[in-house]
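Look at the structure, then read on.

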There are 2 protein chains.
Amino acid sequence: MKRKITLKQIARELDVSISTVSKALSNSKEISEDTTKKIQAFAKLYNYKPNNIALSLKNRKTKTIGILIPEIVHHFFSTVIRGIELIANRRGYNVIVGLSNESFTKEIINMEMLANGSIDGFILSISKETLLKQDYHHFNATINQGMPIVMFDRVVNEVDCDKVIVDDFNGAVKAVKKLIANDCKHIALITTMDYVSVGRLRTQGYIEALETSGVDADSNLILKIDDSLDVENHLEILENEIAQFFKINEDIDGVFAVNELYAVTAMKVARKLGLSIPDDIQVIGFTDGVLSKHATPSLTTVSQHGQKIGEQAANLLIDRLEAADAESDQYFTNDERKSDFIKMVIETEIIERESTK
Amino acid sequence: MKRKITLKQIARELDVSISTVSKALSNSKEISEDTTKKIQAFAKLYNYKPNNIALSLKNRKTKTIGILIPEIVHHFFSTVIRGIELIANRRGYNVIVGLSNESFTKEIINMEMLANGSIDGFILSISKETLLKQDYHHFNATINQGMPIVMFDRVVNEVDCDKVIVDDFNGAVKAVKKLIANDCKHIALITTMDYVSVGRLRTQGYIEALETSGVDADSNLILKIDDSLDVENHLEILENEIAQFFKINEDIDGVFAVNELYAVTAMKVARKLGLSIPDDIQVIGFTDGVLSKHATPSLTTVSQHGQKIGEQAANLLIDRLEAADAESDQYFTNDERKSDFIKMVIETEIIERESTK
DNA sequence: TGTTAACACGAAAACGTTTTCGTTGCGAAT
DNA sequence: ATTCGCAACGAAAACGTTTTCGTGTTAACA
């Protein structure tokens with residue numbers, strides 16, 4: 001077991017100074033051709049690679065970005081990570097992942113753990129509990145310490161930073177309009193309690209689409225699921241709620257659901273009730289995950305392009321980091337350093353499958 | 001924008017030395033009560049937190065572990081990450097994620113990027129391309145430099161390190177025996193080309209279960225899918241292959257598939273052919289993901305307990321890291337430093353759902 | 001012969017910590 | 001009055017780099 005070799009060891013071995021070794025390895029003109037060759041050969045032989053930590057300390061930047069998300073076993077979030085990792089790697093950055101598990105406290109702990117030098121900036125999506133509490137001081141504190149943040153998907157106006165969001169509103173509008181165009185007369189909405197902004201926006205899109213088509217939204221046709229219950233592990237609760245909902249509203253011929261689980265479950269329940277899809281009921285879900293693709297019938301969905309979101313977020317963050325580098329060369333007064341933050345909207349796309357005509 | 005405060009700044013501000021500040025903050029007895037209080041108050045006021053990078057450099061350990069996996073948009077791998085992150089966080093470690101994307105080269109690049117001081121150890125699962133090439137020098141090189149590795153799921157005998165694996169063989173045996181017990185007479189296997197060890201083990205389990213039950217495995221009943229094709233995006237290829245398979249072998253009354261996609265697709269195809277599940281054909285899949293849970297009918301599966309795998313892997317790695325710490329205090333001859341590596345087997349569990357009787 | 005310029009290299013600081021080893025000043029003991 | 005011991009603090013090294021600023025040697029030039 002041989003530890004990694006350092007400049008100091010090379011220097012001692014070759015009887016030159018550390019500076020000489022460093023310069024030779026970076027092909028400095030200061031060092032003679034002979035010594036350069038000798039040093040480079042030796043370094044290659046012993047597989048010298050500069051120590052990242054030392055570089056980080058010296059350069060005061062780590063070349064790694066921190067991702068902080070509520071959950072990782074989740075198709076959307078993992079596609080976002082994939083997008084971030086793709087760009088990060090391409091631009092020479094590493095990616096460190098923290099999970100808030102939808103908890104306010106874990107979000108804070110995680111931020112503090114990473115904000116003390118471990119990373120150059122954050123890409124994050126806010127936890128449900130934080131959204132409920134509406135307490136965003138930790139984000140602003142981090143930003144004030146000079147660490148840039150890019151938020152995605154679950155964002156909030158109270159924090160001044162770059163944002164990448166899905167066009168939830170128009171995605172919902174498109175979906176519902178498609179149902180209308182497909183001759184649905186009674187379109188139901190299955191949504192969550194709306195403290196998470198994205199849920200609210202999708203609901204608004206649903207209403208908007210109906211109203212511009214001259215239909216009044218019927219509140220009886222809106223089912224709000226309490227997603228504080230552990231629906232994943234108690235599917236029957238969800239199924240029962242939806243079954244009741246369908247029984248009470250027999251005229252439903254279209255369903256728009258704010259996530260794919262609700263959509264797929266709605267299809268399952270409908271079929272148990274003897275309804276056929278898409279003949280009796282057409283269904284569109286938000287979020288294009290594995291469930292939608294492989295359900296029978298396969299589900300028409302509003303795709304959010306998670307990977308693209310991740311890529312854009314990563315590019316935004318790295319752009320800002322490297323702009324900050326360049327800036328430190330120049331002189332800026334506080335007024336000139338105006339940081340107008342970017343809010344990037346990723347368009348949704350309807351993926352048509354078997355659950356609509 | 002105020003940058004994070006350092007010991008040096010506190011020292012200057014309070015007109016004491018850096019050492020004094022450091023000691024005061026760690027409650028050293030060397031410093032008088034007065035100065036300690038003064039310094040601690042000042043530090044708290046300015047929210048002093050030690051810089052992780054500086055600590056890493058000094059302590060020669062980063063308190064972060066590197067995860068290197070082939071893919072992240074994948075239920076199994078993301079549950080493993082969740083398990084790792086859980087334990088890592090609990091034990092004071094961070095987690096940095098690299099994706100090999102099933103590519104040999106990206107695996108190496110990623111390892112080298114992280115192995116230069118950024119992390120204390122690896123938890124990884126080998127990429128398909130690496131398994132094909134059977135070239136494991138980068139793993140051994142990393143280990144030789146004193147960086148411990150824990151492998152999970154896709155492991156290989158050629159690398160000496162701790163391993164956490166699923167009991168693929170017995171999982172398959174259990175599944176197939178269940179089908180046999182459920183009166184299936186002609187049990188098919190849907191598997192992949194078997195250069196990935198786990199596929200091979202599951203196939204062997206299938207054969208073993210049949211043979212101990214006095215049935216000869218019929219090679220006609222084994223369908224090997226070439227998973228180098230992009231099956232996710234060309235589902236119809238997979239469906240056609242399975243459809244052909246079912247038509248040729250009309251007597252199939254049970255299916256064991258090595259992943260949930262194959263299993264769910266098999267169910268879909270069977271139903272298109274007019275067969276009912278579980279009455280005509282019973283199906284069991286390996287890997288318990290979202291698809292299995294939400295398919296109709298829901299799929300009986302062999303659960304791998306991905307999160308537990310991650311937790312165990314993290315514990316193994318951190319145990320070894322901290323053992324190495326303690327070891328450096330003591331004196332060891334090379335003979336005494338025997339490192340007998342642990343191979344931990346996580347038992348599988350059959351989750352019974354609607355696709356079996 | 002004396003000055004200069006180019007060349008090749010080394011010393012040292014800096015990044016932010018922790019820790020070892022002094023070094024003061026002062027009261028008590030001899 | 002001298003020594004001792006202790007309390008309270010500071011200096012400096014170390015972790016591994018990069019980079020600025022010397023410094024010594026040699027060759028060229030006047």
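In this predicted model, 57 residues of chain B are in contact with 57 residues of chain A. Contact means heavy atoms within 4.5 Å. Of the interface residues of chain B, 100% are also interface residues in chain A, so the copies meet through the same surface.

**Interface**
- Chain B and chain A bury about 5200 Å² between them, and carbon and sulfur atoms give 55% of that. Buried area is the accessible area (1.4 Å probe) that two parts lose on being put together, summed over both.
- B:I53, B:N116 and B:H294 supply 13% of the area that chain B buries against chain A, more than any other three residues.
- Four salt bridges are found across the interface of chain B and chain A. The rule asks for a side-chain nitrogen of Lys or Arg within 4 Å of a carboxyl oxygen of Asp or Glu.
- One salt bridge joins the side chains of B:K106 and A:E85 (3.7 Å, N to O).

**Ground rules**
- Residues are numbered from 1 along each chain as its sequence is written, and chains are lettered from A in the order in which they are written.
- Local features need pLDDT of at least 70, side-chain atom pairs count only at pLDDT 80 or more, and totals for chains, interfaces and linings use all residues, while side-chain values use heavy atoms, without hydrogens and water.
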